[in-house]
Amino acid sequence: MSPAAPGADGPLVLGIETSCDETGVGLVRGGTLLADALASSVEEHARFGGVVPEVASRAHLEAFLPTLDRACAEAGVRLDDVDAVAVTSGPGLAGALVVGVSAAKALALGLGVPLYGVNHLAAHVAVDSLQNGPLPDVALALLVSGGHSSLLRVDDVTADIDVLGQTLDDAAGEAFDKVARVLGLPFPGGPHVDRAARDGDPAAIRFPRGLTGAQATGRHGRDHTDDFSFSGLKTAVARWVERARDAGRDVPVADVAASFQEAVVDVLSAKAVAACRREGVSHLVLGGGVAANSRLRALVTERAAAGGVAVRIPRPALCTDNGAMVAALGSLLVQAGREPSGLDLPTDPAMTVGRVLA
Ligand code: KG4
Ligand code: ZN
């Protein structure tokens, strides 16, 4: 076990995130965030218009130790103060996950502390506890990132997460990134679309709202009330822009960005709040990179209030990938007395959200 006794405020947990292009190292003691150090390789991927897995893996390797040092300095702790190590073991890019998991194993072995291999998606939910206090007994979570768009029922983030619905095709963040590309905005597109949309009219163009109305309610077989689909929307935006260009018109970037964004956040917010009401759940938690979107935050807040649902949204830096979210989930797992993972912990690039701990 730990060479250092857990402090009065609970165990010190180190969290490591390397599932995509951000190298994150967070330190959490009890429910308190002490440090959240981040290094990103996003600029190395920008010219390819998407994350290049091998480039990401090498960048993690180079960034890991400096990021670890920064986290310890920021928190004012030494490595041998750490009581447990948590690491994202899936889902994510295979090579990128291996870098974080190998580092976590080396640290856990060297320090003689337990190791927890955690689910990246559950960590996106758990991070909310660092800002908004202990998670409610039952909550729905709207998890929207570059790789996932899911509506989850979270009875206990350390053990019990059910998928109510998810995207049938593109993730919400993926749609933002692809539309940004069509509009000539840099990668990753989400923040750029968000910014461009501020000067645009969200009602300028009526883009389709996928899987709403009759489409959602099983007319074509399965019920898709809680599912999402963004690929038709992405194609509709691309066609609209193409037609404007073919006709020799200037593309009104701000109006297209605002109208596209409105279509995404309209569906996300309406479905999330409706699911809370139907399930009789009074708390909604947002997480994932797209939860950093200013219009999504505003519309969910407005609709949740109208529907009598309390909404919890972490600050934008905690929504996008980071190490603090992994440390937050690790800390909850330690406090819940969950069995740690062994030192033979594998990576699981396709880990499903039903599995919180590897
Ligand atoms: O959670 P995240 O950092 O990484 C994954 O696990 O995928 O999410 C990244 C995604 C990208 O698609 C990015 O464009 C999107 O989140 N994103 C945003 C915003 N900030 C990041 N999308 C819309 N508006 C934003 N402000
Ligand atoms: Zn993520």
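1. Let's start with salt bridges, meaning a side-chain nitrogen of Lys or Arg within 4 Å of a carboxyl oxygen of Asp or Glu. Between domain 1 and domain 2 of this predicted model, the count is zero salt bridges.

2. The contact (heavy atoms within 4.5 Å) takes 17 residues from domain 1 and 16 residues from domain 2.

3. How much area do domain 1 and domain 2 bury between them? About 1200 Å², with 81% of it on carbon and sulfur atoms. Buried area here is the accessible area (1.4 Å probe) that two parts lose on being put together, summed over both. On the domain 1 side, Leu-121, His-124 and Val-125 lose the most, together 42% of what that side buries.

4. Now for the elements on the domain 1 side. Those giving two or more residues are α1 (42-46), α4 (120-126) and α12 (324-335), and α4 gives the most, with five residues. Helices here are DSSP runs (H or I, at least four residues), numbered from the N terminus. This side has 13 nonpolar residues, four polar and no charged. Ala, Val, Leu, Ile, Met, Phe, Trp, Tyr, Cys and Pro count as nonpolar, Asp, Glu, Lys and Arg as charged, and the others, Gly among them, as polar.

5. Have a look at Ser-57 in helix α2 (residues 53-75). Ser-57 counts as buried because its relative accessibility is 10%; buried means under 20% relative accessible area (1.4 Å probe, protein chains only). Not counting residues up to four places away in sequence, Ser-57 touches Gly-95, Ala-96 and Val-99.

6. Is Gly-189 buried or exposed (over 50% relative accessible area)? Gly-189 counts as buried, because its relative accessibility is 0%. Gly-189 lies in helix α7 (residues 189-197). Gly-189 and Asp-177 are twelve residues apart in sequence, yet 4.2 Å apart in space, C-alpha to C-alpha. Leaving aside neighbours within four places in sequence, Gly-189 is in contact with Phe-176, Asp-177 and Ala-180.

7. Some housekeeping: residues are numbered from 1 along each chain as its sequence is written, while chains are lettered from A and ligands numbered from 1 in the order in which they are written. Local features need pLDDT of at least 70, side-chain atom pairs count only at pLDDT 80 or more, and totals for chains, interfaces and linings use all residues, while side-chain values use heavy atoms, with hydrogens and water left out.
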